[in-house]
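Please consult the sequence and the model shown here alongside the text.

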Amino acid sequence: MTVKFGAIQKHKEYLDSIKAPSDLSTVVLVQGNKFYTQSEAILRVLALLGEPYRSLSAASIIPAPVRNYVYGAVAKYRYKIFGSVDKCREPTKAFRKRFLEYKEEGSPF
């Protein structure tokens, strides 16, 4: 299965139509007609990836309140944990293909 990314701001109307959060407070994963947020979204994405990331989805056995507490702490302190940069990196063509908005040059789709 392919995982594609999209900015919440660009897909707000769709997220509102399925009653998913669209306020930038969390990551949102949409699978079929269901949506998932916080740690559940992260664990479901990890389960779709190859190893070693897929193995991390085993953390789903941890109760959701505990997982979401950790998710919130990482979100709050992400710049202290992972650092920050002054400028966003320029995405490569391969990276841009992973976004919902991507259109192949010369393609109407």
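Among contacts in the chain (heavy atoms within 4.5 Å) between residues at least 6 apart in sequence, 34% join residues at least 24 apart. The model is predicted: local features need pLDDT of at least 70 and side-chain atom pairs count only at pLDDT 80 or more, while totals for chains, interfaces and linings use all residues. Residues are numbered from 1 along each chain as its sequence is written, and side-chain values use heavy atoms, with hydrogens and water left out.

The chain contains 6 helices and 2 strands, taken as DSSP runs (helices H or I, at least four residues; strands E, at least two) and numbered from the N terminus. Their order from the N terminus is α-β-β-α-α-α-α-α. Of the 109 residues, 15% count as buried, where buried means under 20% relative accessible area, exposed over 50%, and partly exposed in between (1.4 Å probe, protein chains only). The chain exposes about 8800 Å², of which carbon and sulfur atoms supply 60%; the areas come from the Shrake-Rupley method with a 1.4 Å probe, and for residues only the protein chains shown count as cover.

Helix H2 spans residues 38–48. Its buried residues are Ser39, Ala41, Leu43 and Leu46, and these pack against strand E1 (28–31), strand E2 (34–37), helix H3 (53–56) and H4. Arginine 44 also belongs to H2, but counts as partly exposed because its relative accessibility is 29%. Not counting residues up to four places away in sequence, arginine 44 touches Leu29, Gln31 and Tyr36.

| Partner of arginine 44 | Relation | Distance |
|---|---|---|
| Glutamate 40 | Polar contact, side chain to side chain | 2.9 Å |

A nonpolar surface patch of about 960 Å² is formed by Ile61, Ile62, Val66, Tyr69, Val70, Val74, Tyr77, Ile81 and Phe82. Helix H4 (64–76) and helix H5 (78–82) are the elements that give two or more residues to the patch, and H4 provides the largest share, 4 residues. Phenylalanine 82 lies in helix H5 and is exposed because its relative accessible area is 64%.

Notes. Patch = residues over 30% accessible without salt bridge, like charges linked within 9 Å, V, L, I, M, F, W, Y side chains within 5 Å. Salt bridge = Lys/Arg side-chain N within 4 Å of Asp/Glu carboxyl O. Polar contact = N/O pair within 3.5 Å; in protein donor to acceptor, adjacent residues only side chain to side chain.
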